[in-house]
Amino acid sequence: MAPKLEVEDLNAWFGTKQVLKNINIKIEENAVTAIIGPSGCGKTTFLRCLNRMHEINPDARVSGKVLFNGLNIYGNGVDPVMIRKKIGMVFQKPNPFPMMSIYDNVVAGLKLNGVRDKKSLDAVVRRSLELVNLWDEVKDDLNKSGASLSGGQQQRLCIARALAVEPEVLLMDEPCSALDPISTAKIEVLIRKLAKTYTIVIVTHNMQQAARVSDYTAFFYLGELIEYGPTKQIFENPKHELTEKYITGKFG
Amino acid sequence: MSRIIDSGLEELSAVLYKMGELAYHTVLIAIRECVESRDSYNEIREISDTLILMADYVEDKAFELIARFQPVASDLRTIKSYMKIAYDFVRFGRYALDVSHANQKLGGIRNCDKWIISHVKDMGEKVLSMVRLSIDSLKSRDPQLAEKVAQIENEVDKMYFDFLDELIERVDTTIKCAVSSVLIIRYLERIADHSAYVCESIIYITTGKRVILR
Ligand SMILES: Nc1ncnc2c1ncn2[C@@H]1O[C@H](COP(=O)(O)OP(=O)(O)OP(=O)(O)O)[C@@H](O)[C@H]1O
Ligand SMILES: [Mg+2]
């Protein structure tokens with residue numbers, strides 16, 4: 001099976017500061033890949049390079065290739081908006097649009113793309129909310145504000161919003177770091193469920209979370225990819241001394 | 001809500017159930033061999049090797065679950081106990097093979113005095129019922145069922161020592177018969193012990209208490 005995303009010689013800068021150095025990695029389809037590493041090592045930047053969000057920062061620059069289904073997303077004439085639709089993003093802090101209802105939050109992306117038909121929007125809302133196990137909790141309150149939900153529910157709403165536009169890849173940047181343990185467990189179970197149909201890349205500060213939810217783990221350090229492999233191997237028998245030090249907490 | 005670790009635990013249980021049935025089968029045919037004319041050595045050896053591989057798998061998977069999920073409380077007790085139980089099942093296979101070895105390579109007891117044959121037969125039945133009880137306790141997670149093994153274990157122990165006492169008195173027994181029968185009786189007694197270990201593990205998993213059923 002060909003990888004879903006294939007990163008080749010990726011470098012990234014903020015101004016003159018290089019924050020990613022020659023990253024090469026193949027991300028498997030329908031699997032969860034976790035990105036771990038100390039603060040500032042470039043995890044978020046890496047994630048944002050995977051769907052061309054890095055370049056939104058005026059200071060930012062990228063070189064190298066990211067092949068998505070074999071197509072270089074940095075190739076000439078590729079529409080970044082299209083890429084961001086196919087490769088969705090979920091952020092650290094749940095960020096539902098506060099002035100919008102739950103319903104409108106889910107279909108915001110679709111409406112932006114001109115979908116107006118009430119029936120199909122209804123269907124998308126239901127399907128997306130069911131997918132994130134939120135439907136039963138909110139089905140009678142679809143017109144309430146998204147901000148009225150608990151943190152964990154808001155995060156699931158944001159995942160539903162990302163799923164509504166039918167992406168193939170979901171990028172998640174510390175999606176649980178603002179959540180309590182129960183909400184975190186719910187999101188983790190959800191991630192495993194989604195991995196059956198989506199390709200997921202998750203950045204997490206929590207190594208245990210990476211160990212629990214991911215199939216593959218990549219360890220970044222100072223902008224470099226130090227080690228990458230099946231999660232079982234990384235956590236039982238890492239090959240690189242830096243990885244061993246980081247995951248056993250012997251760093252610094 | 002079912003947790004991510006649950007599918008791993010279920011997979012481990014399923015492997016253990018399979019191991020239990022395979023181990024039971026080896027003990028069953030080894031005991032039959034003692035009194036019937038048949039040769040199950042190769043079959044037992046094959047299953048015994050399979051059990052070793054399966055136990056390695058259980059240990060590996062258990063290790064993975066510990067590394068990935070930091071299990072605590074009943075999850076941790078379950079994983080630790082599963083590794084032990086897998087080893088107990090390996091021992092069933094190994095002692096069954098030893099019994100078969102005595103039968104096939106040392107002459108066995110089929111041509112020995114009636115009292116020896118009947119003693120081995122009785123003890124074999126009891127031991128087999130202990131193996132079954134240990135597997136049933138594992139499947140049902142029933143500590144009360146597991147406790148019942150203690151009673152049979154006592155009886156088996158008594159049979160073991162009674163046999164040795166009697167054998168010493170019977171000066172007319174051939175060396176061949178004495179060697180085979182002592183070995184077989186000893187292996188059966190070891191299988192009984194491991195059945196009790198399995199039951200102790202079930203009680204530990206379900207209640208957290210460490211008991212000794214021997
Ligand atoms: N907008 C920005 N402008 C300039 N430098 C930045 C910017 N964002 C990040 N950086 C720098 O780029 C490097 C990588 O940052 P990044 O946010 O990718 O790290 P991270 O691994 O996600 O860290 P954390 O775990 O703290 O989220 C850091 O040295 C950081 O200071
Ligand atoms: Mg970050």
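**Notes on helix packing and the ligand site**

1. In chain B of this predicted model, helix α1 (residues 4-35) and helix α2 (residues 41-69) pack at an angle of about 160°, and their axes are 10 Å apart. Since angles over 145 degrees count as roughly antiparallel, that angle makes α1(B) roughly antiparallel to α2(B). The crossing in which α1(B) passes α2(B) is left-handed, and the residues of their contact divide into 22 nonpolar, four polar and five charged.

2. Helix α4 (residues 114-140) of chain B packs with helix α6 (residues 149-169) of chain B at an angle of about 160°, the two axes being 10 Å apart. α4(B) is therefore roughly antiparallel to α6(B), and the crossing of the two is left-handed. On the α4(B) side the contact includes W115(B), D122(B), K126(B) and L133(B), while α6(B) contributes, among others, I152(B), E153(B), Y160(B), F163(B) and E166(B). By class, this contact of α4(B) with α6(B) has 13 nonpolar, two polar and six charged residues.

3. The packing of α4(B) with helix α7 (residues 175-207) of chain B is at an angle of about 20°, with axes 9 Å apart. With angles under 35 degrees counted as roughly parallel, this makes α4(B) roughly parallel to α7(B). α4(B) passes α7(B) in a left-handed crossing. Among the residues that make the contact are V120(B), G124(B), V131(B) and L138(B) of α4(B), together with C177(B), I184(B), L188(B), E189(B) and V198(B) of α7(B). The residues of the contact of α4(B) with α7(B) divide into 16 nonpolar, six polar and one charged.

4. Which residues are closest to ligand 1? Of the 14 residues that surround ligand 1, the closest are K17(A), S39(A), K43(A), T45(A) and H205(A).

5. A polar side-chain atom of K43(A) lies 2.7 Å from an oxygen atom of ligand 1, and a polar side-chain atom of T44(A) lies 2.8 Å from an oxygen atom of ligand 1. For N57(A), an N or O atom in the side chain is 3.1 Å from a nitrogen atom of ligand 1.

Conventions. Residues are numbered from 1 along each chain as its sequence is written. Chains are lettered from A and ligands numbered from 1 in the order in which they are written. This is a predicted model: local features need pLDDT of at least 70, side-chain atom pairs count only at pLDDT 80 or more; totals for chains, interfaces and linings use all residues. Side-chain values use heavy atoms; hydrogens and water are left out. Axes are lines fitted to C-alpha atoms, for helices over the stretch in contact, and angles run from 0 to 180 degrees between N-to-C directions. Helices (H or I, at least four residues) and strands (E, at least two) are DSSP runs, numbered from the N terminus. Angles under 35 degrees count as roughly parallel, over 145 as roughly antiparallel, 65 to 115 as roughly perpendicular and the rest as oblique. A crossing is left-handed if the near helix is turned anticlockwise from the far one by less than a right angle, and right-handed if clockwise. Contact means heavy atoms within 4.5 Å. Ala, Val, Leu, Ile, Met, Phe, Trp, Tyr, Cys and Pro count as nonpolar, Asp, Glu, Lys and Arg as charged, and the others, Gly among them, as polar. A residue is near a molecule or strand if one of its heavy atoms lies within 4 Å of it. A polar contact is a pair of N or O atoms within 3.5 Å; within protein, one must be able to donate a hydrogen and the other to accept it, and residues adjacent in sequence count only if both atoms are side-chain atoms.
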